[in-house]
Each structure stands twice: as C-alpha cells, then as structure tokens.
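Today I am opening my notebook on a new structure. Come and look things up with me.

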Amino acid sequence: MKGQPIALVIANSQYKGRRLTQPINDAKAMKNALIQLGFRVIFKTELRNSAMDRTTIDFSNCLRMTKNMGLFYFSGYGMQLNNRNYLLPINVSIRDRYNIKYDTFPVNKILGRLKYVKNNLNIIILDASRDNDYPNFYRHRGLASISSPSGFFIAYPTDINKVVRDQSSYNSLYVKELTKILKTARQKHKRLEDVFMEVTNAVEQKSNESQVPWYNASLKEKFCFGGCKRKKLQTRNEKKNKLTENLIVRSNQNGAKVFIDFRLRGYTPLAVNLPPRKCYTVWVEKNGYILLNGSKKVCLNNIKKKVISFFFKK
C-alpha cells in the first residue's frame, strides 16, 4: 500500500455534567503510536458537532486526493439507537430519542465519507463503549454491531451491547494493550488481524474475561504494518518433509475460545499447525453466546488445509 497513511484522532472528554479522564490520554497515546508507525496524524480534541462534521470532511478529502490508507480513532462517549451507532460531541443535548439523530455524529456519516474515497483500506477504532448518564432509549448500552463495508476494518474496546467504565488509571486497558502491541508491529511485520487478535487475548485475560474487544473486517487485500514479508520458497524436499498440517478455526463471533482435544489453543479466528495423525475434537466457547453446531471431529491425514466454522447466537 503506497504513500503515507493518514489518521484522524479525536478525543472528547469535556461533556456537560461529567468530565472523562481517559479519552485525552488515550488519544495522545494513539497519536504517538501511529506516528511511530509512519502515519500522518490529524489530532483534534473537545469537538462540537459542527467541528466533528467539518474535521471528518477534511480528513476524507485528504484521503480522496492521496488514495492512501486511512485510520479513524475516536475516544469519548458513544451510543446506539435502532442498531445504528452515534458518537457524542461535547455540546450534545439529548432530551428524547429524536435528538439523537440531529445532536450527535452518526458513525454511518464517517463510513459513507470514507467509502466515497475508494481507497483499499480504512481502519475504524471506536473507543466509545462507555457507560454514560445520557437517556437510554434502547434496551442495549454500548455500540451495535456494524457490517464492515468492503475494505474496512472496524474495532471496539469491548463486545457489542457492552460498556466499559472509565477507570482511574492514566490509560484505558484497551489502549494500553493496543499501543504496546503496535510498538512492535512494524518491526515484526504483523498482520492487521493478528494485532487485534493479540489485543483481544491480552484485554480478556487482564480483565478476567469481563472485557472482550470486538472487531469485524471485510478486507480487499492482506495488510501488514511495515509491509508483508514474502514467504520463503520451499524446496520440494522441504515440502515433502513437512510434518504439520494447517487447521483454521473460525466463528461468527470473534474472540471465542478454541479447544482442541479439550485443551485451550487460542481464540477465533485461529490458525494452528497440528501433526497429521489421528482425528482431533474441536470445540469453541464464548461467554454470553450459545453454540449452535456443537463440537467437530477433524481428521487431517492427507489433508493440506482444513477450515472449520462455528456459529453462535445470543
């Protein structure tokens, strides 16, 4: 992906009646991490609705001229109504459900503007799943699920319909882990999906499974920070002597625990190499979800790659 990628980082903390402590700190940490990764960063704080609108227009115009990769990070309050997500400017005033549409910034607005850019990749990180004091006109808190448009990667700090309380620490757990992993992403040429998989595992573990980050993607091409390394070409003898087979485990809800022969091996989506021996029993679990299709028996003898999928419902 040629050219310098561009990021728009926004933090809102000075809300009426309540000041948040972490958004500015988290946004500064993200700005520094992105600069180290080679991004040109547009950094904005404490935006009213009109300023959020104008800033996202300028951001999308920059990308439309360069066609480079874009990244949008927002830290502050967010909410959902009728399965649509809204980011809250600092001057938000919500008296009833009809105010939401006009006094907040719809996530669909930034998605629409970036779709019009027609570049190959846009990363959207909505760090807005916070418990807030604004009226709740829908039975769910937090953010609703978004189907990623083609060429988009969308991430939340916790699962859909869940919230994270603002903590007393300088940075949120999510940003602390994300920026730590991003620091080595360029040198190690980490894939985008692998970075967020590592973040999911770290946050879930350090929160005792009370916070499980969510992400969804529809990518047009493989993307690695620092560029993707070419795989070393294997000789015919190396291929012949290779003793492991590749098993890929997927689910419709990312971050599900994967058990192989009753041993935890990681989280979906998971690629694992297993010896081509007898058959394996594969099982997945995710808190708050019901598995629809049960465990699966997988036999890898004489199979170069096996992909299995699991499906959950609430």
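Which side chain does a polar contact join to that of lysine 257? I found glutamate 209, at 2.4 Å. A polar contact is a pair of N or O atoms within 3.5 Å; within protein, one must be able to donate a hydrogen and the other to accept it, and residues adjacent in sequence count only if both atoms are side-chain atoms.

A note on the source: this is a predicted model, where local features need pLDDT of at least 70, side-chain atom pairs count only at pLDDT 80 or more, and totals for chains, interfaces and linings use all residues. Residues are numbered from 1 along each chain as its sequence is written, and side-chain values use heavy atoms, with hydrogens and water left out.

Next, I placed lysine 257 in strand β13, residues 257-260 (strands are DSSP runs of E, at least two residues, and helices runs of H or I, at least four, numbered from the N terminus). Lysine 257 counts as buried because its relative accessibility is 17% (buried means under 20% relative accessible area, with a 1.4 Å probe and protein chains only).

Then I turned to helices α1 (residues 22-36) and α5 (residues 173-185), which pack at about 10 degrees with axes 10 Å apart. Axes are lines fitted to C-alpha atoms, for helices over the stretch in contact, and angles run from 0 to 180 degrees between N-to-C directions. The two helices, α1 and α5, are therefore roughly parallel (an angle under 35 degrees).

Last, I checked alanine 51, which sits in helix α2, residues 49-66. Alanine 51 is buried too, at 12% relative accessible area.

Note on methods:
Buried means under 20% relative accessible area, exposed over 50%, partly exposed in between (1.4 Å probe, protein chains only). Angles under 35 degrees count as roughly parallel, over 145 as roughly antiparallel, 65 to 115 as roughly perpendicular and the rest as oblique.
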